[in-house]
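I set out to record what I looked up in this structure. The entries follow in the order in which I made them.

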Amino acid sequence: MTTHRLTIRARLTALYGGLFLLVGTALLGITYLLLASALSNPSFGRTAVVAAIPGIEITAVDTGVAQPSDDAATEPQPTSPDPAWTPEQQRQAEKTMRLAATLQEQFRQQTLTSLLRQGALALAGVGVIGVWLGWLAAGRTLRPLQEITATARRVAESNLHQRIGLSGPQDELRQLADTFDDMLARLDAAFGAQRRFVANASHELRTPLTINRTLIEVALSHPDPPPELRRLGTALLAMNARHEKLIEGLLVLAGSEQRLTTRDRVDLAEVTGRLVDAARPGAVAAGVDLRFSGAPVQAIGDPVLLERAVQNLLQNAIAYNVPDGDVTVTCAGSVVTVANTGPVVAADEIPGLFEPFHRLSGRTGPVDGSGLGLSIVRSVVTAHGGEITAEPRPAGGLRISLRFPVPPRPR
């Protein structure tokens with residue numbers, strides 16, 4: 001089951017935005033509680049309310065004293081109840097006080113509601129800005145990681161000499177980049193040593209075999225050699241040829257597993273067509289019908305290795321076939337497919353096809369093969385960033401497909 005997860009930048013943005021909204025909500029809640037507490041206290045005195053009643057004169061503003069305007073009394077008296085007031089004035093004072101309390105509560109509720117409404121709108125607007133700023137901050141934080149990823153991708157494709165060379169403070173990202181650079185340096189040195197070993201081994205292993213072949217051919221070229229010598233020389237030549245093929249396969253396998261040093265644009269359809277024409281006489285001799293069809297297939301890589309991969313597939317399809325069988329080669333899009341008849345292959349034996357020196361159980365074919373054909377094909381395809389798949393055919397045989405990355409259009 002495929003799990004769709006957010007990117008690290010999106011998760012950091014969500015984290016920053018969530019923290020910002022959480023702090024803003026807490027601030028709004030604290031403001032609401034403080035304002036509600038302030039508005040709960042009486043914001044007016046009884047004296048000020050009673051002073052608005054007609055016919056009552058306030059004589060002591062802050063002590064709660066009120067006096068009827070037509071009364072000559074001069075002593076301060078409490079505003080309620082006041083014996084000097086008429087019953088109507090007392091009722092009017094109580095009514096006014098209740099109205100003032102009601103107005104105060106309405107004012108309190110309206111103020112708090114307005115605070116919540118306007119504060120929520122402001123928080124939403126500032127939250128959007130906060131998320132945007134969080135997105136920018138997350139991008140700036142992850143920029144060194146993007147540089148590391150881009151460098152790793154370029155190194156994986158072709159160039160072990162490149163380094164990240166991240167500048168800045170000695171923080172965790174700088175330490176990661178420096179560690180990655182050190183690892184690249186060790187890998188570059190290891191691959192360099194392997195290339196030198198392959199070059200030396202190529203010379204040291206091929207030279208003795210070439211000398212042996214020359215000596216045997218010279219011995220067989222003598223006039224009228226004894227029959228025993230001819231038979232022995234022929235057997236030694238066949239064994240020497242098999243050793244040469246094995247060593248060549250091992251060297252090609254070792255070379256194909258390294259990084260590519262040549263990256264040219266190759267038309268695989270043209271290469272495949274040429275190889276099919278070259279393999280047709282051998283297919284006719286083996287009683288195999290060889291067919292080819294396809295459109296241009298472009299790939300970027302080493303032309304020699306790509307040609308060797310297709311050649312190995314063709315040789316394998318012809319060698320491990322049945323009488324009156326067939327081999328169908330097609331090129332379409334970015335895929336080269338070779339399908340052949342042959343013995344029935346179990347699905348659980350498919351992964352072992354690409355292992356060096358591995359032969360399927362019950363499979364018939366020539367004994368002079370090196371056992372590296374499909375291993376070389378897989379290594380070449382992997383080195384070019386491609387994918388190889390093998391499927392057993394219901395009636396017997398295999399269908400092997402080589403899928404290569406689509407190269408960019410030439411400028």
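I first looked up the contacts (heavy atoms within 4.5 Å) of Thr-13: leaving aside residues up to four places away in sequence, Thr-13 touches Val-131, Gly-134, Trp-135 and Ala-138. I note that this is a predicted model, in which local features need pLDDT of at least 70 and side-chain atom pairs count only at pLDDT 80 or more, while totals for chains, interfaces and linings use all residues. Residues are numbered from 1 along each chain as its sequence is written, and side-chain values use heavy atoms, with hydrogens and water left out.

I placed Thr-13 in helix α1, residues 8–40 (helices are DSSP runs of H or I, at least four residues; strands are runs of E, at least two; both are numbered from the N terminus). Thr-13 counts as buried because its relative accessibility is 7% (buried means under 20% relative accessible area, with a 1.4 Å probe and protein chains only). I found its C-alpha atom 9.1 Å from that of Gly-130, 117 residues apart along the chain.

I then turned to an open sheet of five strands, ordered β4-β6-β7-β9-β8 with mixed pairing (two strands pair if DSSP finds at least two bridges between them). β4 (288–294) and β8 (387–392) stand at the edges with a single partner strand each, so one side of each lacks a neighbour in the sheet. β8 and β9 (residues 398–403) run antiparallel and are joined by six bridges; Ile-388 has Leu-402 in β9 as its bridge partner.

Terms used. Buried < 20%, exposed > 50% of the residue type's maximum accessible area, 1.4 Å probe, protein only.
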